[in-house]
Amino acid sequence: MDTMAATIERSTARTTTAGAPTGTPRNGTPAAGTARNRAARYVFAGIRIALGWTFLWAFLDKTFGLGRATEATNAWLNGGSPTRGFLAFGAEGPFQGLYRDIAGAVWADWLFMAGLLGIGLALLLGVGMRIAAVAGGLLYVLMWAAVLPPENNPFMDEHLINAALLAGLALIAAGDTLGLGRAWANLPVVQRFPWLR
């Protein structure tokens with residue numbers, strides 16, 4: 001009996017060393033506060049910031065015509081439509097007619113641009129992650145549906161993967177690391193309405 005107890009104590013000490021930042025339970029998942037857990041939080045914060053930047057950049061480029069995807073003459077500020085080009089000429093597949101019908105509509109332009117700006121800022125700042133995940137996921141799925149089937153796969157592409165990533169980032173509160181998520185969560189309105197988290 002004493003030998004068995006000593007073996008258990010050694011195994012426990014080896015896998016969950018008290019106070020050691022690298023202790024890991026036997027199942028392989030990082031314990032709270034471990035170096036691996038902290039590293040994972042920073043990786044997911046980096047993904048959140050990168051996705052946020054892609055939304056914000058699309059907004060800036062379409063608004064000001066910075067010459068990447070949108071030339072200055074086609075900028076929203078110069079009377080260009082942020083939805084017309086892609087929806088009128090790039091949409092393919094079963095929803096092509098629907099997308100072409102809304103291409104260039106003022107309401108579609110405003111909704112699209114507000115979405116890009118709001119999602120981008122929310123992700124960059126780490127606030128309103130749940131709303132940003134739902135809105136961003138919806139936008140990604142709509143962009144995926146505009147080009148069905150995807151070019152390199154029967155159904156899967158980066159739009160669906162990024163939509164899933166957004167859901168995961170909201171679920172793990174990725175805005176709390178390198179963001180204002182913790183401060184945002186402490187606001188009375190957010191505590192009263194947790195869906196704002």
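A residue is called buried under 20% relative accessible area, exposed over 50%, and partly exposed in between (1.4 Å probe, protein chains only). The legends below describe a predicted model, in which local features need pLDDT of at least 70 and side-chain atom pairs pLDDT 80 or more, while totals for chains, interfaces and linings use all residues. Residues are numbered from 1 along each chain as its sequence is written, and side-chain values use heavy atoms, without hydrogens and water.

**Figure 1. The protein chain contains nine helices and zero strands.** Helices (H or I, at least four residues) and strands (E, at least two) are DSSP runs, numbered from the N terminus. Read along the sequence, the pattern is α-α-α-α-α-α-α-α-α. The protein chain has 197 residues, of which 37% count as buried.

**Figure 2. The largest pocket has a volume of about 1,200 Å³.** A pocket is an open set of points on a 1 Å grid over the protein atoms alone, where a 1.4 Å probe fits, with protein on both sides within 12 Å along at least five of seven lines; lining residues have an atom within 4 Å of a point. Grid points are joined across faces, edges and corners, and the volume is the space filled by probe spheres set on them. The lining of the largest pocket consists of 44 residues, and Thr-83, Phe-112, Leu-116, Leu-139 and Met-143 lie nearest its centre. Helices α2 (35-64), α3 (84-89), α4 (96-102), α5 (106-125) and α6 (129-145) each contribute at least two residues to this lining. The largest share, ten residues, is supplied by α5. Sorted by class, the lining of the largest pocket holds 29 nonpolar, eleven polar and four charged residues (nonpolar: Ala, Val, Leu, Ile, Met, Phe, Trp, Tyr, Cys and Pro; charged: Asp, Glu, Lys and Arg; polar: the others, Gly among them).

**Figure 3. The second largest pocket has a volume of about 160 Å³.** Among its lining residues are Gly-90, Glu-92, Val-147, Pro-149, Pro-150 and Met-156. Asn-152, Asn-153, Asp-157, Glu-158 and His-159 also belong to the lining of the second largest pocket. By class, this lining is made up of four nonpolar, four polar and four charged residues. One of the lining residues, Pro-149, is located in the loop between α6 and α7. A cis peptide bond connects Leu-148 to Pro-149, with omega at about -10°.

**Figure 4. Asp-176 and Arg-197 form a salt bridge.** A salt bridge is a side-chain nitrogen of Lys or Arg within 4 Å of a carboxyl oxygen of Asp or Glu. In the pair of Asp-176 and Arg-197, the closest N and O atoms are 3.0 Å apart. This pair links distant parts of the chain, 21 residues apart: Asp-176 is in the loop between α7 (158-171) and α8 (181-185), and Arg-197 is in the segment after α9 (188-192). The structure holds one salt bridge. Asp-176 is buried, because its relative accessible area is 17%. Arg-197, at 21%, is partly exposed.

Figure 5. Ala-173 is placed in the loop between α7 and α8. Its relative accessible area is 23%, so Ala-173 counts as partly exposed. With a relative accessible area of 52%, Leu-178 is exposed.

**Figure 6. Two residue pairs are shown with their C-alpha separations, Leu-56 with Met-113 and Phe-89 with Tyr-99.** Leu-56 belongs to helix α2 and is buried, because its relative accessible area is 12%. Between Leu-56 and Met-113, 57 residues apart in sequence, the C-alpha to C-alpha distance is 9.6 Å. Phe-89 is part of helix α3 and counts as exposed, because its relative accessibility is 67%. Phe-89 and Tyr-99 are ten residues apart along the chain, and 9.7 Å separates their C-alpha atoms.
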